[in-house]
Every structure is written in C-alpha cells, then in structure tokens.
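Morning, everyone. Please have the sequence and the model open while I talk.

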Amino acid sequence: MTHQPDDPAGGSGATRSEMSGTAGAVVQARDISGGLHVHHADPRPPDADVPVPRQLPLAPRDFVGRAAQLHELDAILGSAAGAPPLVVVTGTAGVGKTSLALRWAHRIAARFPDGQLYVNLRGYDPGRPLLPGEALHRMLTALGVPAPAIPADPDAAGALYRSHLAGRRVLTVLDNAASAGQVRPLLSAGPDCLTLVTSRRHLGGLAVRDGAYPLTLRPLPEPDAVALLRATTAGRRAEDDAPELTELARLCARLPLALRIAAERAVSRPHLSLGDLLDDLRDKSSLWETLSMGDDEDGDGVHAVFAWSYRALPEPEARLFRLLGLHPGPDFSIAAASALAADSVSGTRRLLDALVGVHLLEQTAPDRFELHDLLRAYATDRAHAEMATDEREAVLGRVLTWYLLTAETARQRARPDGIGLPLPTPDDEAPPLTFRDYDAAVDWIERERLNIYAATRAAAGAELHDLAWQLPVVQWRGSTHARPTTEWTETARLGLSSSHALHDRFAQAWVLRCLGEAHVRNNRLAEGEECHRQVLALRRALGDRRGEAATLNSLGLVFLARRRLDAAVTHFAQALDAFRELDAPRGAAVELSNLANAYYEAGALADADACARQALAVYLDLHDELGEGSALRSLSNIQRERGEPTAALESAQRAVDIAVRRRMSASEGLRLLVLGAAQQANGLFDEALSTYDRAAALHRRIGDGGREALAWHGSGETHRALARPDEAAACHRRAAARFHELGDRWHEAVALDGLAAAVRAGDPDGARGHWETALALLAGYDDQRTAALRDSIAARLGAGG
C-alpha cells in the first residue's frame, strides 16, 4: 500500500498505521439477500456550497443560418427519453462546428441548472491532443474537487466525475475531439445530463457503442454565407454588391472561419472596393503561401484566406502572430506572450487585441488566449518560413526559460525549501513573474501545468537538455498533487534522457529522486527504492553530503512504508547526523519528525515523543508552518496513546487547520484520520464519525485506497465504542478487503482483529477464524507494536474468544 509523506514536497513521513484514526461514515441498508449493504456517504459535505460551473464561451455574435440543424438538435434532445443524450457534430475544419455547438448550448442552458462544462480537447492541434485525464482534471476542478484531490489514474478520475454528475443536470461540451477513445472516458452516465461533442471525424464508435446522435455540418448555403459576410461587415463599410459578396463567399469555400477572417480583412480596408480586395485574394502570390494540409478545396480556401489576412497585418502584429506559432503549449497568458516577444506586457496586450480583432486569435479569458488549430499550424509555418533558425531557437529558449524561472518562483512561494538547481540567468526582456502570496503561486502552478509539460517536450525536442531536465524537477517539487500524473511521468523520463545526454550526474540524481518519490506515491515501492539507491550512489560519487542526507531520508520513507522499521530508523538517524553536520536545521527537523513516526510505529512512545517535540520546536523557531503541521500530527498520536486525550485533540486540530489553510489535500486527509482518533479518545463519537467520513471522501477523491481503508477501520472502531457491532463489522470487513487487495498484510491483520472483536458475540467461530488469519498475516513482523498485537490475539484465542 502506498506510503506518502505528510508534506507532498517530502517534508516528513506519514504512515498508515494510525489505525484508530480513520474515516468513513456509513449508511446501512439491507439488500435483497438479507446481508448488510454499506454505502459511502455523499463525498460532498451536506453544507458545502456546490459549485455551478458556467464555462460556455460566448457564441459568435454574427451567427447566421443553421436553422435546420438547430431544429434537429432540439428534436434529438426532446426524444432522449431517459437515456443519457450524446450528440456528435462533425464536419470539415472551419465549417462552424464549435459555433453551432455553442449557439445551441446557450439556447438550452436553462435546461441544465447544475452547470455547463466546456473543454477544448485539441484533437487536431499541431502539438498534441488533450489526454482524457487532463480533460477530467479540468472538469472536476470546475465541479469543486480540489486539484490535489483528483486521482492521477484516469479510470479513478472518470469514476469520480460520474459520481459528481449523478443526480445532476449538467451540459458538457467536448470540442474538437480526435477519436472516440478520447471522448468515452469523459461521458456521463446520468440520464439528465447531455454531452455535446464536435469533431472532424465521424466517430462512428460513439454511435455504435454509446448511442450517439450524429449530425454532419456542410459548408453554409450560398445565401447564408453571403448573409454572414454582411452581418460581419454591417455598419463598418459601405454596402457591397451582392455578386462580389457571392464571389468572396465562394473563394472562402463558404466556411464560416474563412468568411469571418475575410470579412474583417474587408472591414480593415473600408475605402477599398470589394472588387480590388477580391483581386488581391485571387492573386497567385497569396495562394502560394497556403499550407499543404490536405487536397480538399475547402482547405485551400481557408488557407488562402489566412495568407491574405496575414499579409495585410502591420509588421508588429505579424511578428507576434509568427512568434505565437513557436509557443509550446495550447494556450497562453499575456505574460507568456510578452516573454515570447521580448516586449512589455502593455505593448503585447495591444498586439494581442489587434489579432483578436481580425479573428486570427481567440481570447478565452481576461488573461488567456489561444489559436484555432489551423491558425496555429499556419503561424508555425510562417515562423519557419520567415525566421532564421538561430532566431527561432533564441525565441524558444527565451520562453522556455521564462516558464522554468516562473515555475521556480512559484515553487519557492508554495514550497519554501531550497533545491539548489543551476538555473539559467533571467532574460532582461523576459523577467519571470513574481507572486504576492501562496494562493497566487499555487494557482499559477495549477493553471500552467499543461504548458510546463509542453515546454519540457519542446526543450527535449530542441535538445535544450538543461531546460528539459530542470522543468519536470521544478514542476514536481512545486506540485500540490498527491500523486504524479501520467503526463508528468512522461516528461520526467524525457528529462532523465536529457540528463544522460549531458553526462550530468547531478541532473540524473535530481530527476531520479523525483521519479523515485513518484513511484512511492503510486505504490511502486520496489521501483522507488531502486531509484533512490541509484541517487544515493550518484550523490556519494559527487561528494554531495546534503543530497546524500536527503536520499537517506527517501530510503527511510520506503522502509517505513514496508514496515521495515529498524532499517527506517537507521536511515533517518544517518540523515539526521548529516543534516546536523551541515548545520541544516530544517533538514534535521524533517528527520526528527520521521524518526518520531518510525518509533511510534514500533511502539517506542518515549523515543517518539522526544523526537516529535524536538522537531516541533525547530519548526516553530523556523516559522515553518508545513513542518509544524506534520510534527503536530505525530505528536497527537503519541499523546493519545500516552493517555493525554485533550492535548491529542488540540494537536490534531491544529495540524488539520494548517493543511486546510495551505490547500494540501493529501496532508489534510491523513491528519483527519488522526483527528478522528483523538475525537474518539475524548468520547466525541459523533464528531469522530463525521471526521472519518470527511477523510474517507477525501481519500476516495485522491484515489488513495489504502488511506480510505484506514478510514473505514477507524469508523468501525467508533461504531464498536458506540455498541453498534453490525455497523462496526461492515466497516472492518470493508477495510480488511481493501488491505488484502493492496497486499498490505499488517494492516489487513489489524482490520481483521477489529472485525473479530465486532462479531465475536454473535459469531464466535467466525471471530476465531479472523483472529487465526490475523496471526498468520503478522508472521515476519518483529516490532514491539506487532508483538503486543500478536500477544493480545493469542490471549483471546486461548480464552476461547
């Protein structure tokens, strides 16, 4: 079962053996077979404000035509009859799929009072499509799930998404899908929800397997195409002749994207006749610049209009448009565009506004912009055609460096510990952002995750190896996520390859350290241990005593997770000696806190108490709130077992409050387990059950099955204290089953002990069987706590249960 540090940045170790501090309120009902059926409580607290997302972008103001298609969509929705409606709008690039989808979505939004979600899946982006996991991340955060609480596993995230939509009426628009496989994990199972998909492909699999209603868009009929031109130019130039407007519509292949761009080009030259503009558009010198993105006539029409409009831009706007084609990620902020252009924010804003005005760029939020995928491809083509190689390389290096240094600035605000990377010098023309407070830094880290992934891939592809390994390291060290995403692991492996290309052992050690921590958080303990052993060898070869100490700590955490407590104590003690030798008080405090956990696990409470109090004193002296919360969690467990319930409750509550304030869901969940135990020790059983329920829901959202099982076990203990043996047995049984699935023998034994105690009055033979199984599972563990548990079980068996 996964072991995770309390502080996701690696501050201190958190164990899963606070078995009396677990969560999971239980609602019971008899199923048709007469057995007890246990339900999770609703993961959203009953008094919580449930967010109602309103994410639909504005539909085009000059939308015309498509009356038949809108009527067909209305009819589809009206005939859904209890099945979760799924509609797929398909058609060629630029035909107006998104415009139609948004027009209809706004028209029917009132039928979905619980919210409207929108995600651009970027299925045809020149970079890469959005992965289902990333799309789920966006939708879940919009539904109120804290980012650190979203499971990294796409299946778990999909299940959580469906749970949050259960019983709700939500409209989801999935724009620009590449395949049925990209869409399917994002579908709701609720009969009152609607999913509207747009794609250039027919996605027949969705119709066959998922009952999707297909709707294919064709280019606008000629009268509607002319009407769109008139609507876009109305009031901004003199009335144009119908034959010339018809000719312009034909040259634009009657595609709305091209029609709007062409209309804006005409508006920019209000005193030039449309005939002259048509001659310019037909000019071969414009057409030769079009991209080779397909043989179809529609594509040629769109690209000819791109070239025509681009050539008319003033050079500052044209330069920025080219540079945007070099941006690594799918969307960008004004600050990122400013770094790309080496220009002031105010100057860049004016240029961006100009590009938005001529429909060559879309503004998606007050500080966010993106290019249509066709326009992004065209911008990239213009950059390669019109910029020298060294100029392109300089621009890319500048914006990647800006992302790295801004990410490090955010990390320092969110996780104020030095990591000592040899970072590049900031470019005077692209200084990194600064952040006013913790929340602003965390918000930036979360908002730019996809761009940091893209920046790492771009750096590796351009053989900017220093940037390629530093970007994922800085991102990992600043992450608020309990578990690594698939995308981060992918970029970390690119970073490791770059570190080998540089023959840089320091770089290799850092990337391997982050990968090792990621493996441990994903319950791949053997892989994590192997990474950390490689890091230890590298640190020692480099004579890096501080890095060696940190790696000894990482190995100690692996041994603690495996309940090899003697080895854990040895490694923590060695790391403590090293940090004291280096006069590094925070590092020493981390080791003291981890030693406290290891001693507590072993049942050596006096040693655990001494270490926890020393750690707490250092953290308070350093004004290190993150460390303070970790030490308080450890101290609460010790105080509870030493018969100091009031002090234990105070320590646990302070620890939880810190985690909530710092938006650290993984730490919050672990500390809630300890708070529930302290409440139980104080006889506050109802409060304990509520706390356990909160912890269980949080761990379920994170996807941490082991800690969720701890929650069920603690809830079972509370029900036993309330003389509710059936409820207690249900909770313990569920916890034991989960521990068994995870291969966690020790905790399975503890849960079976609780189960036996719950059922022994009504089923003494069953209780004996559970205790015998528990004894077998405890074989091989020789610490003091295990010995005491083994003796207790043996005594009960000897006494006949």
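Predicted model: local features only at pLDDT ≥ 70, side-chain atom pairs only at ≥ 80, totals over all residues.

Start with the core. The largest nonpolar core holds 164 residues. Five of them have the most contacts inside it: L121, F321, L324, L352 and W444. Which helix gives this core its largest share? That is helix α17, residues 389-414, with 10 residues. In general, nonpolar side chains in soluble globular proteins tend to be buried together.

Take L352 from that list. Setting aside neighbours within four places in sequence, L352 is in contact with L320, L324, F332, I334, A337, L361 and F369.

L320 and L324 bring us to helix α13. This helix spans residues 315-324 and is mostly covered. How many of its 10 residues are buried? Seven are. They are E317, A318, L320, F321, R322, L323 and L324. F321 and L324 were also on the list of residues with the most contacts in the core.

The largest pocket contains about 1,300 Å³ of space. It is lined by 42 residues. Which lie closest to its centre? L58, P60, S99, H359 and E362 do. Several elements give two or more residues to the lining, among them helices α2 (97-108), α15 (345-357) and α16 (373-386). Strands take part too, including β4 (116-120), β5 (171-177) and β9 (362-365). By type, the lining has 17 nonpolar, 12 polar and 13 charged residues.

Next, E370. You'll find E370 in strand β10, residues 368-370. Is E370 buried or exposed? It is buried, because its relative accessible area is 8% and the cut-off for buried is under 20%. What does its side chain pair with? The side chains of E370 and R122 are joined by a polar contact of 2.9 Å. Beyond four places in sequence, E370 is in contact with N120, R122, P330, D331, F332, L361, E362 and T364. One of those, E362, is also among the residues closest to the pocket centre.

Last stop, A509. A509 belongs to helix α22, residues 505-521. With a relative accessible area of 0%, A509 is buried. A509 touches V535, L538 and R539, leaving out residues up to four places away in sequence. Where is T691 relative to A509? The two are 182 residues apart in sequence and 40 Å apart in space, C-alpha to C-alpha.

That's the tour. Over to you for questions.

Notes. Residues numbered from 1 in each chain as written. Heavy atoms only, no water. Core = buried A, V, L, I, M, F, W, Y, C linked by side-chain atoms within 4.5 Å. Buried < 20%, exposed > 50% of the residue type's maximum accessible area, 1.4 Å probe, protein only. Helix = DSSP H or I, 4+ residues; strand = E, 2+ residues; numbered from the N terminus. Contact = heavy atoms within 4.5 Å. 1 Å grid on protein atoms, 1.4 Å probe; cavity = no way out; pocket = protein on both sides within 12 Å on 5 of 7 lines; lining within 4 Å. Points joined across faces, edges and corners; volume = space filled by probe spheres on them. Nonpolar A, V, L, I, M, F, W, Y, C, P; charged D, E, K, R; others polar. Polar contact = N/O pair within 3.5 Å; in protein donor to acceptor, adjacent residues only side chain to side chain.
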